[in-house]
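Colleague: I'd like a close look at the charged side chains in this one, and one spot in particular. Here is what I have open.

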Amino acid sequence: MEAHEIDYHIYGEEMQYVEIELDQNEGVVAEAGSFMMMHEGIKMETIFGDGSTENASFLDSIFGAGKRLLTGESLFMTAFYNTYLGKRSVSFASPYPGKILAIDLSQFGGKVICQKDAFLCAAKGVSVGIEFSKRLGRGLFGGEGFIMQKLEGDGMAFVHAGGTLATKHLKAGEKLRVDTGCIVGFTKDVDYDIEFIGGIKNTVFGGEGLFFATLTGPGTVYVQSLPFSRLAGRVLSALPRGNNKKGEGSVLGGLGDLLNGDNRF
């Protein structure tokens, strides 16, 4: 498998985007909805699956696209090709505050496993597939079920992490316990399992869930400080319920909203 060689630059701090520079006939594939901008000369094409297999039959394309449904993604991905004689660029943006992680798959044995919603884009030729868990405990209590995404190939891939990104390099046998939602991804030799927290007080009053993800080296683990589920939960908890709207930051409550120009009537 030979992926297209691409150059890139990541811009921004908290709301990042990655600009990918393509030579003539080079391409990149991306999840639907991640596109930001592109230069004239870039051709956009909707494809089944990831298009990593050249000259694949129609049935193979359908099968590859169908696997994506198991991870909750669309049947389709979008490919961008440079049809211009010179260099052209196309950019993809983060879906929410966080960091974009660039992964050179050739440096990790050609395979990295990541959360099913972490993938952003990759060089044409990188395979975006599914990774099934063979352990019942991980499947039932891991927060992400039996299925994660696997990125395979020898090219560049880009994933998104919410909040701040931590990179941990584990030695053989070294363990790291992580909240299941905070895992972004890990290299292929890392062993991933689920561990019960234990203790009545921890279980009933801990507020951190009943299970940890246990990752055992050797390998590299990427951890995010703000998984989207946690962000969404905070937003939902702050939404007003019916007429019980809170005037945050003001002892006047709803009257404060009126005085501050909340003209909804």
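Predicted model: local features only at pLDDT ≥ 70, side-chain atom pairs only at ≥ 80, totals over all residues.

Which backbone oxygen does the side chain of Lys99 reach, and at what distance?

Modeller: The side chain of Lys99 goes to the backbone oxygen of Glu13, at 2.6 Å. Lys99 itself sits in strand E8, which covers residues 98-104. What makes the spot worth a look is that Lys99 is buried and yet has no salt bridge. The nearest side chain of opposite charge belongs to Glu13 as well, but that one is 4.0 Å away.

In general, side chains of opposite charge can pair when their charged atoms come close. Here the count comes to 4 salt bridges. Let's start at Lys87, which is part of a network of salt bridges with Glu21 and Asp23. With Asp23, the closest N and O atoms of the bridge are 2.5 Å apart. That pair links distant parts of the chain, as Lys87 is in the loop between E6 and E7 and Asp23 in the loop between E2 and strand E3 (27-30), 64 residues apart. With Glu21, Lys87 makes a salt bridge at 3.9 Å, N to O. Glu21 lies in strand E2 (residues 17-22) and Lys87 in the loop between strand E6 (76-82) and strand E7 (88-93), so this pair ties together parts that are 66 residues apart in sequence.

How covered is that network? Lys87 has 44% relative accessibility and counts as partly exposed. Glu21 is partly exposed too, with a relative accessible area of 32%, and Asp23 is partly exposed at 30%. Another of the salt bridges joins the side chains of Lys150 and Glu152, again at 3.9 Å from N to O. There, Glu152 counts as partly exposed, with 26% relative accessibility.

Glu2, Glu5, Asp7 and Asp154 form a patch of negative charge on the surface. Of these, Glu2 belongs to the segment before strand E1 (7-11), and Glu2 counts as exposed at 72% relative accessibility.

The surface has a nonpolar patch as well, of about 440 Å², made by Phe35, Met36, Met37, Met38 and Met44. Strand E4 (residues 35-38) gives the most to this patch, with 4 residues.

Two backbone details to finish. As background, most residues other than glycine have a negative phi, and most peptide bonds are trans. Asn25 has a phi near 75°, a positive value. You'll find Asn25 in the loop between E2 and E3, where Asn25 is exposed, with a relative accessible area of 57%. Meanwhile, the peptide bond from Gly217 to Pro218 is cis, with omega near 20°. Pro218 is in the loop between strand E18 (211-216) and strand E19 (219-224).

Key:
Residues numbered from 1 in each chain as written. Heavy atoms only, no water. Patch = residues over 30% accessible without salt bridge, like charges linked within 9 Å, V, L, I, M, F, W, Y side chains within 5 Å. Areas by Shrake-Rupley, 256 points an atom, 1.4 Å probe, with all protein chains shown as cover. Lys, Arg positive; Asp, Glu negative; His and termini not counted. Charge placed at Lys NZ, Arg CZ, Asp CG, Glu CD. Helix = DSSP H or I, 4+ residues; strand = E, 2+ residues; numbered from the N terminus. Buried < 20%, exposed > 50% of the residue type's maximum accessible area, 1.4 Å probe, protein only. Polar contact = N/O pair within 3.5 Å; in protein donor to acceptor, adjacent residues only side chain to side chain.
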